[in-house]
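Subject: Structure for you to look at

Hello,

Here is the structure I promised to pass on. Could you open it and read along with the notes below?

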Amino acid sequence: MITERCWAVVPAAGRGSRMANATPKQYLPLHGRTVLEHSLLALLRLPALQAVVVALPAGDDVAQNLPLMADERVVAITGGAERSDSVLAGLDCLATLGAQSDDWVLVHDAARPCLDAKALQRLLEQTASLDSGGAILAEPVADTVKQADARGQVVATVDRSALWRAQTPQAFRFGELQNALREASSEGWAVTDEASAMERCGHPVWLVAGERSNLKGTQPADLELAGFYLARADKFAEH
């Protein structure tokens with residue numbers, strides 16, 4: 001497990017239009033807290049965590065009223081138009097707080113409220129043995145995968161044996177990730193997750209088995225399922 005200093009960035013500047021709700025998805029109520037607070041909680045439980053930067057929408061006036069945002073390790077900033085802009089802004093903020101090039105940084109989705117502590121521990125144990133690059137939580141693809149043409153007709157069945165669905169957190173050395181994102185931004189390259197920027201620069205990225213419960217809330221049904229997972233986790237904790 002990571003015993004070195006580590007930091008975190010949570011990009012939360014999106015609105016989540018697929019949730020079909022006027023309230024940004026990170027602020028929707030879920031099992032006694034907001035989605036964002038659940039996503040932050042697993043990170044704040046890490047003893048080695050120095051700070052977590054939350055990148056919020058411009059003009060946001062909701063986060064300041066959330067109890068968990070009052071934690072002294074939580075820093076709020078204004079995010080960017082794209083996820084990568086928010087993450088890079090978060091990294092720049094961490095640099096002003098003392099983050100060093102060789103420190104570890106975790107990037108976690110604001111809408112993944114069910115991060116399991118054991119899965120996070122597996123991720124940290126994997127990164128502890130790495131000198132460069134990093135690792136991400138991911139889930140092997142279980143369903144049959146079809147490739148379609150523009151009309152929606154199946155053109156191929158894709159071999160799923162080597163396919164994984166990326167999750168977060170994604171963990172990398174601070175300096176390497178910052179440089180990778182800056183390079184991608186300067187060249188106008190679209191970054192869908194931090195691992196893709198690292199891969200592009202030739203850094204090794206390892207897959208660590210995550211849990212199916214570590215879902216990303218994008219539609220109302222996702223939050224219903226997330227509530228079930230959180231309630232089950234609380235029940236197990238009581239016993």
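What follows is a short tour of what I found.

Please keep in mind that this is a predicted model.

**Salt bridges**

I started with the charged side chains. There are 11 salt bridges in the structure. One of them joins D103 and R5, with N and O 3.0 Å apart. D103 sits in the loop between α2 (83-97) and β6 (104-107), while R5 belongs to the segment before β1 (6-11), so this pair ties together parts that are 98 residues apart in sequence. D103 is buried, at a relative accessible area of 10%, whereas R5 is partly exposed at 32%.

Another salt bridge links R83 to D109, and here the closest N and O atoms are 2.6 Å apart. R83 is in helix α2 and D109 in the loop between β6 and α3 (117-127), so parts 26 residues apart in sequence are tied together. With a relative accessible area of 21%, R83 is partly exposed; the cut-off for buried is under 20%. D109, at 4%, counts as buried.

D109 has a further partner in R112, with 2.8 Å between the closest N and O atoms of that salt bridge. Both R112 and D109 are buried. Through shared partners, salt bridges join R83, D109, R112 and E194 into one network.

E194 deserves a look of its own. This residue lies in helix α5 and is buried, with a relative accessible area of 1%. Leaving aside residues up to four places away in sequence, E194 touches R83, V87, V107, Q170, F172 and L177.

**Two helices, α2 and α4**

R83 brings us to its helix. α2 has 15 residues, and its first and last C-alpha atoms are 21 Å apart, close to the 21 Å expected at 1.5 Å a residue. The buried residues in α2 are S84, S86, V87, L88, G90, L91, C93 and L94. They pack against several elements: β1, β4, β5 (74-78), β6, α4 (174-186) and α5 (194-200). After the helix comes G98, with a positive phi near 115 degrees.

Buried in α4 are F174, G175, E176, L177, Q178, A180, L181 and A184. The buried residues of α4 pack against α2, β6, β10 (164-173) and α5. Just after α4, G188 also has a positive phi, of about 65 degrees.

**Nonpolar cores**

The largest nonpolar core has 35 residues, and within it L36, L40, V52 and V54 touch the most other members. The elements giving two or more residues to this core are β1, α1 (35-44), β4 (49-56), β6, α3 and β7 (134-140). α1 gives the most, with six residues.

Not counting residues up to four places away in sequence, V52 touches A8, V9, V10, L40, L43, L44, R73, V74 and V75. There is also a second, separate core of 25 residues, which includes A51, V191, A197 and M198.

**Towards the end of the chain**

T218 is found in the loop between β11 (205-209) and α6 (220-238). T218 is buried, with a relative accessible area of 15%, and its side chain makes a polar contact of 2.9 Å with the side chain of D222.

The other detail concerns aromatic rings, where the count comes to one pair. F228 and Y229 form this pair, which is tilted, at 5.7 Å centre to centre and 55 degrees between the planes. F228 is partly exposed at 47% relative accessibility, while Y229 counts as buried at 15%.

If you have time for one stop, I would pick the network of R83, D109, R112 and E194.

Happy browsing, and best wishes

How values were computed
Residues numbered from 1 in each chain as written. Predicted model: local features only at pLDDT ≥ 70, side-chain atom pairs only at ≥ 80, totals over all residues. Heavy atoms only, no water. Helix = DSSP H or I, 4+ residues; strand = E, 2+ residues; numbered from the N terminus. Buried < 20%, exposed > 50% of the residue type's maximum accessible area, 1.4 Å probe, protein only. Polar contact = N/O pair within 3.5 Å; in protein donor to acceptor, adjacent residues only side chain to side chain. Salt bridge = Lys/Arg side-chain N within 4 Å of Asp/Glu carboxyl O. Phe/Tyr/Trp six-rings, centres within 6.5 Å; stacked < 30°, edge-to-face > 60°. Core = buried A, V, L, I, M, F, W, Y, C linked by side-chain atoms within 4.5 Å. Contact = heavy atoms within 4.5 Å. Expected span 1.5 Å × (residues − 1).
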